[in-house]
Amino acid sequence: MKNKRTLKKFLAITGIISSLLFSSISALAVENTAPRKLILSRAQGTVAILDAANKPMKAYDNMKLSSGCNIVTNIGSYAWVNIDDNLVKLDSLSKVKIAQSGKNLIVDVNAGKIFVDISKNPANNESLLVRSSGVIAIIKDTSAEINVQNGNTKIVCLDGKIDCVVIDSGTGQLKPVEVLPGKKVEIEPTASVNSIITKAATKNDISGFAKLQIAQDPELKKNITAASGSKIGNITETEAVKSISQDMANQVTELVAMAEESGTDAQSVVNAMMGADVSSKSLDASTKTSASSSDTNQSSSDVVALDSEPKHTHNYENTSNTPATCTSTGSNVYTCKGCGDVKIETIPKLAHDYEEISYTDPTCTTDATRELKCKVCEYLTTETISGSATGHIYAADAETTEEVVEGADSDNCADIKIAVSKYCSRCERMIDQGIQWKYDSHNFEIVVEEESPAPTCTENGKITKQCDHALINNSSHPCTAKYTFDDPAAPALGHSYGGDENYYNRTDACYYLQCINCFGETCESIENYPHTLNEEEEGTLPTEGYDNKYIKCAKDGCNIYAKYSWNDTEGKYIFDSWVVDTP
């Protein structure tokens, strides 16, 4: 059943997004139905907006965006995008394209990092699909960071869960990948989909810009900590700022190295990487005046409005080439003949050239595996040959064993469970076959004397019987079920007071009659005889002038006196207590 549910879920996911793996954003943009809310709510630093036709537009806070637009951030710059009241935040040196396809929005991450907080699911259960090279992630009711660098994709799920589909660039094979809270998955375009696994994420897997967003949102921190059960959500602003500074330093170091390698300036490298001119530009006086008078929502932050028309058309020629290998990407450097501007084209890593160096045979329950080694870089990997497990081999007369694992104590012998095992000739051991059942109903015939109590004064006698069934073909395991019921031949005895047993010198009664069946003073049925006083009996009246007087019980043989004390208020003797003999 589990395999069927997994297959059904896989088909549902791939059915939603398989077409998206091979379609273009511009084509999808024309499939819009009801427009989705899409706003550049905030920008910090230098941010560029290009429409679906790659025409640059002036960027400002609370800017309404259209389907198919590109958003590009410069180094040290960030952009916050509001999608149906949910957040998509861009890190420095990032480029995304956002388009609506039917009811769903697609965010193409061409390069860089984004943080998403999709805590408010859109109406009609629409999804936000985040797409990178060969990967589509369905983002719904969760927060996550997606990092795309040199074609490699890393997804960190913070709360909720993320369903992904990965396409093997070599075979076209699709694989569903589920990323749970506190987990991460790293995907290389040239890696086999069978080698993709999820691992536990740490704070180091989250970039500084995302850490700051988490640290400044107490509710989000609480949700992440509760969902992942880790310390990922326990991030402070101090940690976040320190991480941002380190990220910035790393970006600058990488840009300088790339600029030196290409013989140009770092900003030209950024322009080439991002595919858009995000250099700092100043608007002419008339454009600034127009912007200040008409765009009342524009922020005072350094949000750049790009020139509406390019000043120069580049004429690039290839000036440098670095071949790609299976361990590093290559590049093509192009230089404009007119202005010297440089752009860099990255060449993806080559696929490993593997040879088999070892092979492990399959077993009854495990698939065969083989160890592969790249002939070029000696990279090692292990490949599992799916579906090669042989399954157990049982002969028609295979040895079997039975073991009682649970006895019955209800109305049916079928409640006796038997663990059955069979001998597999390949494994050379007994293999559990699960639980089987024996018999249909009990046959209570065997009397258990030690568990059949005799009758008492108030309770009928009981008789306990045990089921006399034995298991099929195995008399060494009889049914142990028992049943206890009233014995009609042993009714309750009732109390019997066979004789008088007098207990004198007792203050509460002259004597007791007790049941000879129940025995002792703890008998629940006791008859007692109270004291009898006779003031006229000679010798029982006290001498005149005494404060107390004593009257003896008239019962023959009883030595108990009733003590009376004089009460001045009432002017008479009042009963005080029973005493043994007089003082």
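This is a predicted model: local features need pLDDT of at least 70, side-chain atom pairs count only at pLDDT 80 or more; totals for chains, interfaces and linings use all residues.
Strands E14 (residues 162-167) and E15 (residues 174-179) pair in the antiparallel sense over six bridges.

Residues are numbered from 1 along each chain as its sequence is written, and side-chain values use heavy atoms, with hydrogens and water left out.

Another antiparallel arrangement is an open sheet of three strands in the order E27-E28-E31. Its edge strands are E27 (444-447) and E31 (482-486), each of which pairs on one side only. From one strand to the next, the twist averages 45 degrees, an angle taken between N-to-C directions on a scale from 0 to 180 degrees, with axes fitted as lines to C-alpha atoms. Five bridges join E28 (residues 462-467) to E31, and Gln-466 stands opposite Lys-482 in E31. Strands of a sheet pair through backbone hydrogen bonds, either parallel or antiparallel.

Helix H3 (residues 208-215) is largely enclosed by the rest of the structure, because eight of its eight residues are buried. Buried means under 20% relative accessible area, exposed means over 50%, and partly exposed lies in between (1.4 Å probe, protein chains only). Among the buried residues of H3 are Phe-209, Lys-211 and Gln-213.

Ser-565, in strand E35 (residues 560-567), is also buried, with a relative accessible area of 18%. Its side chain makes a polar contact with the side chain of Asp-576 at 3.3 Å. A polar contact is a pair of N or O atoms within 3.5 Å; within protein, one must be able to donate a hydrogen and the other to accept it, and residues adjacent in sequence count only if both atoms are side-chain atoms.

The cysteines remain. A search of the whole structure finds zero disulfides, a disulfide being a pair of cysteine sulfur atoms within 2.5 Å. For Cys-364, the nearest cysteine sulfur is that of Cys-427, 3.2 Å away. Cys-364 counts as buried at 6% relative accessibility. For Cys-424, the nearest cysteine sulfur is that of Cys-364, 3.7 Å away, and Cys-424 is buried with a relative accessible area of 0%.

Key: Helices (H or I, at least four residues) and strands (E, at least two) are DSSP runs, numbered from the N terminus. Two strands pair if DSSP finds at least two bridges between them.
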